[in-house]
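Hi there,

Here is the structure I promised to hand over. Have a look at it first, and then read on for what turned up.

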Amino acid sequence: MILKLALRLLPLLLLPVPFLLRDQLHLLTPGHQLLLNTLPWLLALMVMLLAIGFKHGRILLLSLHFACAATLLHATADAGPDNPASYVLLVLLSLFWPLGQVVLLLLPERGLLSRSGMLRCGCLIVIYLVPGLIWLGSPQLLTQLLPHLPLALLNFIAPGLALPTAAFWWNLLLLLPICLLRLRRQPVDTLATAALSFAFLISLSQPGQPLLNSGYHLLAQLLLIGALIHHGYGMAFIDTLTGIPGRRALEHYLIGPGRHYSIAMLDIDHFKKFNDRYGHDIGDQVLRMVASQLNLVRGGGRLFRYGGEEFTIVFKRRSEQEAFDALEQVRQRVADYPMKIRDQNRPEDDQSGRNQRGSNSSDTSIVKVTISIGVCQNKAGETPREVIKRADQALYLAKERGRNCTQAGNNKPAAKRRKSRTDFARA
Ligand SMILES: Nc1nc2c(ncn2[C@@H]2O[C@H](COP(=O)(O)OP(=O)(O)OP(=O)(O)O)[C@@H](O)[C@H]2O)c(=O)[nH]1
């Protein structure tokens, strides 16, 4: 868990890089400077195309949002920090930026090519295009805005502070609570939003440095590509219901599994009856509970959802006996877990539901869920598919023995071949 979080936070370490390299940026040849100014836009285009491919509207809008803000920052940097119209533009940017980020984080995901997707893109472009065009066409109009700007707001948030510092506190005030609220539900999008905001603020704090702005724009688009790759990985390898790696991830994991390893097949007992009695939604809750308990497996076991109510645990470099001991622990853990089932007439509202559950009221009943397990160690020359097949047969024996038990294959053929329920096992 900590390692996972650390890996997710790793891209944030890149944030100081353009700032640290800011003096070197001026040494670039004009050709390289042109490249640095153009590359972020090419990357932004790539992010947008990838986001359309992955149907990830939020990343597309985050990319567009940064690109628009970076363009205005770039324009003001070219004009110099003392230009009053530039200053007005910077104040507007500072005020609007975190609002835009919050809205993008809170808006539900919609199809990009849908009406609402188009509308969102259109609104974002117009919001930046209007001040941009005014700045280009008649900057004096912006200067006239100066007395009407909500500078009092910035001064109220950060009295007597320079614009970048005031903007920093304004961003923190708006974004931090939303990011904390969303971190669990949308970790990647939230971290991307936070990283982009930091990149924007550092860029804002260095007025008159267009190359640094381009450096941050480049970094922001790279971070978004990273977020999209992560999203694509999740779509390909992670099971959406349980949040654990799925069948495709298992197939990849079993490419070159090493000289010796053990594979366990696990199946929830009487799950069909469970579904029939309590309904599919409760069945899904049971699947999630079982997955979370199995994920605590020790002995180096890696858990995968094989399909339906079947799971696979792979123990690389572990004997059947070592795997057996770890599996018995998780089997017992699942059997001991008091699974709370909500009654049909429980309150709609989650909080009252939680209160009632906490007070042991009658809207929940506790059921026991058990699993059966078959485990096998590989034999010389055997492929992982063959080991899975044997583990599946051992699982069949475990079911025959009365369920809620672990059956080791002991490298002997099973007494009765279990009818495989999956293509992978059959192949
Ligand atoms: N709720 C829910 N049910 C699922 C899911 N995938 C498969 N199932 C159900 O799992 C049940 C599997 O039933 P069976 O293969 O007959 O196995 P079983 O009832 O567990 O019986 P034993 O394995 O012999 O103990 C079926 O009713 C499927 O509909 C899922 O994602 N969610």
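Let me start with Gly-256, which counts as exposed because it has 7 C-beta neighbours inside 10 Å. Gly-256 sits in the loop between α13 (247-253) and β1. Helices (H or I, at least four residues) and strands (E, at least two) are DSSP runs, numbered from the N terminus. From C-alpha to C-alpha, Gly-256 and Gly-137 are 63 Å apart in space, and 119 residues apart in sequence.

A word on what you are looking at: this is a predicted model, in which local features need pLDDT of at least 70 and side-chain atom pairs count only at pLDDT 80 or more, while totals for chains, interfaces and linings use all residues. Residues are numbered from 1 along each chain as its sequence is written.

On the whole chain, 19 helices and 7 strands are present. Of the 427 residues in the chain, 37% are buried. Two residues are in contact if their C-beta atoms, placed from the backbone, lie within 7 Å. Taking contacts between residues at least 6 apart in sequence, 72% join residues at least 24 apart.

Now to the ligand. The shell around the ligand holds 16 residues, and the closest are Asp-269, Phe-271, Lys-272, Gly-283 and Gly-308. A residue counts as near if its C-beta atom, placed from the backbone, lies within 6 Å of the molecule or strand in question. At least two shell residues come from each of β1 (261-268), α14 (271-278) and α15 (280-294). By class, the shell has 7 charged, 5 polar and 4 nonpolar residues. In this scheme Ala, Val, Leu, Ile, Met, Phe, Trp, Tyr, Cys and Pro count as nonpolar, Asp, Glu, Lys and Arg as charged, and the others, Gly among them, as polar.

Two of those elements also pack against each other: the axes of α14 and α15 come within 7 Å and cross at roughly 135 degrees. That angle makes α14 oblique to α15. Axes are lines fitted to C-alpha atoms, for helices over the stretch in contact, and angles run from 0 to 180 degrees between N-to-C directions. Angles under 35 degrees count as roughly parallel, over 145 as roughly antiparallel, 65 to 115 as roughly perpendicular and the rest as oblique. In the contact of α14 with α15, Phe-271, Phe-274, Asn-275 and Tyr-278 come from α14, and His-280, Ile-282, Gly-283 and Val-286 from α15. These residues divide into 5 nonpolar, 3 polar and no charged.

The axes of α6 (residues 84-106) and α11 (residues 187-204) come within 10 Å and cross at roughly 175 degrees, so α6 and α11 are roughly antiparallel to each other. By class, the contact of α6 with α11 has 6 nonpolar, 5 polar and 1 charged residues.

The UniProt record (an unreviewed entry) places the feature "transmembrane region" at residues 32-52, 59-75, 87-107, 119-136 and 156-176. UniProt positions are given in the numbering used here, feature names are shortened, and annotations may be inferred rather than shown by experiment. In the model, residues 59-75 are 100% helix and 0% strand, with the end C-alpha atoms 24 Å apart. Residues 87-107 are 95% helix and 0% strand, and their end C-alpha atoms are 30 Å apart.

Finally, two backbone details. Most residues other than glycine have a negative phi. Arg-317, however, has a positive phi, near 60 degrees, and lies in the loop between β3 (310-316) and α16 (320-336). Arg-317 is exposed, with 12 other C-beta atoms within 10 Å. Asn-404 also has a positive phi, near 50 degrees, and is found in the loop between α18 (384-400) and β7 (406-408). Asn-404 is partly exposed, with 18 other C-beta atoms within 10 Å.

Notes. Buried ≥ 20, exposed ≤ 12 C-beta atoms within 10 Å, placed from the backbone.
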